[in-house]
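Start with one residue and its contacts.

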Amino acid sequence: MTHLFHRQLRQTLPEAASAKGLYITDTAGKTYLDACGGAAVSCLGHNHPDVIAAMAAQMARLDYAHTSFFTTRVAEELADTLIAQAPEGISHVYLLSSGSEAMEAALKMARQYFVELGQPRRTNFIARRQSYHGNTLGALAVGGNAWRRAQFAPLLIDVTHVAPCYEYRDRLPTETPEQYGQRLVRELEAELLRLGPDTVIGICAEPVVGATLGAAPPVPGYFQGIRALCDRYGVLLIADEVMCGMGRTGTLHALEQEGIVPDIMAVAKGLGGGYQAIGAVLAHGRVYDAFDSGSGQFMHGHTYIGHPVACAAALEVQRVLQREKLVEASRVQGLALRRKLDAALGGHAHVGDIRGRGLFLALELVADRASKQPFDPKLRLNGRIRDEALARGLMVYAMGGTIDGRHGDHVLLAPPFTVQERDLDTLVERLAESVEAALAGLP
Ligand code: PLP
């Protein structure tokens, strides 16, 4: 009998007792290789002594101070560090406590930006189908994942959704990747024009799609095309880097690889590496300036924003990333993992695609490789792979998604950046066995 209201009421979970490095140990003494960082959170692995020491020192010095009364040295230093590493033009950091909170704040900041500019008619957001931006109502509204939205749809603000960039399934055989990207940009422009550009606040997108498409990267030129549209119509580009950011794709911010700078960026997960609940919105100078020369107040806030212990954790995570050159490790080990996945599973009859960037990689499973026919969703192949992996002491982020009526089974891998060659071998070996066992168990 449990009094804890679990996510899944009918599932019995192992009880995690301790964790170190890449492994979590349960109360029965079984160890699990954390190949997905929980949900792409643990970038340093577990129990890093420097982060724990920084948190303890902060707690002993100053546990909490409400942000309407005080600023703190640690919050100021975290903001300075994030801006020193941010793309050119990004000038300010608004701190929050999760990815969903970061996206909520990003949406409200974008709306208030236009109110500050005297353009209150702007009320629409455009986002993409098969995207995930968080589970609070605003973030859920911009998210384009049908099953997560379904029962809450009557409560959600109006957002229109256009096609995501999903090259594996949606690029026509007659198109180059660049032509495919330009087609998507034209569709987006048509939607902007249909709504009336002066009614649109912003375009929200995950640079590399995580939870709903399995590490689907953009094609070349696609985000540059979106940036150009935003500039042409005076609309904000809101990048959700909650999952793909903070080094996960081999650069600190995923959009660096597209050569563009968003107006507003949400980060979380790897920001605190799981040591504390923390997220942030990074705002471009032109967004900040509108508040600074306007009302001088962002109409937002929560009790725990800028929590000193969370800031201490995130600041130390950033220092460790720099000291141990772990963003570069994410890129290099990502290439190694990719090679090993290609070797072990690249020719598999049911692995349709292996994709991603840095240590943010995924497999897409298909019933038939030639036609890319997905498995019947009722078979729950992704759930079976997850269970087989867990039985073998491997944590993977497996999910199924339906996009425009088509089902897909994905397995997302996002190990800590501290992962070593031998861990990658264990990971791939256990994963390949789990995929085989799950397929063998299908009715
Ligand atoms: N945005 C993206 C891209 C995510 O992947 C997630 C979580 O998976 C969120 C937002 C929400 O973050 P959180 O779960 O910390 O609220």
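A106 touches I238, I264, A266 and V281, leaving aside residues up to four places away in sequence. Contact here means that C-beta atoms, placed from the backbone, lie within 7 Å. The model is predicted: local features need pLDDT of at least 70, side-chain atom pairs count only at pLDDT 80 or more, and totals for chains, interfaces and linings use all residues. Numbering starts from 1 along each chain as its sequence is written.

A106 also belongs to the largest nonpolar core, which has 133 residues. Such a core is a set of buried Ala, Val, Leu, Ile, Met, Phe, Trp, Tyr and Cys residues joined through C-beta atoms within 7 Å; buried means 20 or more other C-beta atoms within 10 Å of a residue's own. A102, A106, A280, V281 and V396 touch the most other members. Helix α11 (residues 308-323) gives the largest share of this core, ten residues.

Now the sheet. It is open, with seven strands in the order β4-β10-β9-β8-β7-β5-β6 and mixed pairing. Strands are DSSP E runs of at least two residues, helices H or I runs of at least four, both numbered from the N terminus. Pairing takes at least two DSSP bridges. β4 (90-96) and β6 (159-162) stand at the edges with a single partner strand each, so one side of each lacks a neighbour in the sheet.

Look inside the sheet at β5 (residues 124-128) and β7 (residues 200-205). They run parallel, joined by three bridges. F125 has G202 as its bridge partner in β7. Helix α8 (residues 177-195) packs on the sheet and touches β5, β6 and β7; its direction makes about 155 degrees with that of β6. Angles run from 0 to 180 degrees between N-to-C directions, with axes fitted to C-alpha atoms, for helices over the stretch in contact. Helix α9 (residues 222-233) lies across β7 and β8 (236-240), at about 145 degrees to β8.

How values were computed. Contact = placed C-beta atoms within 7 Å. Buried ≥ 20, exposed ≤ 12 C-beta atoms within 10 Å, placed from the backbone.
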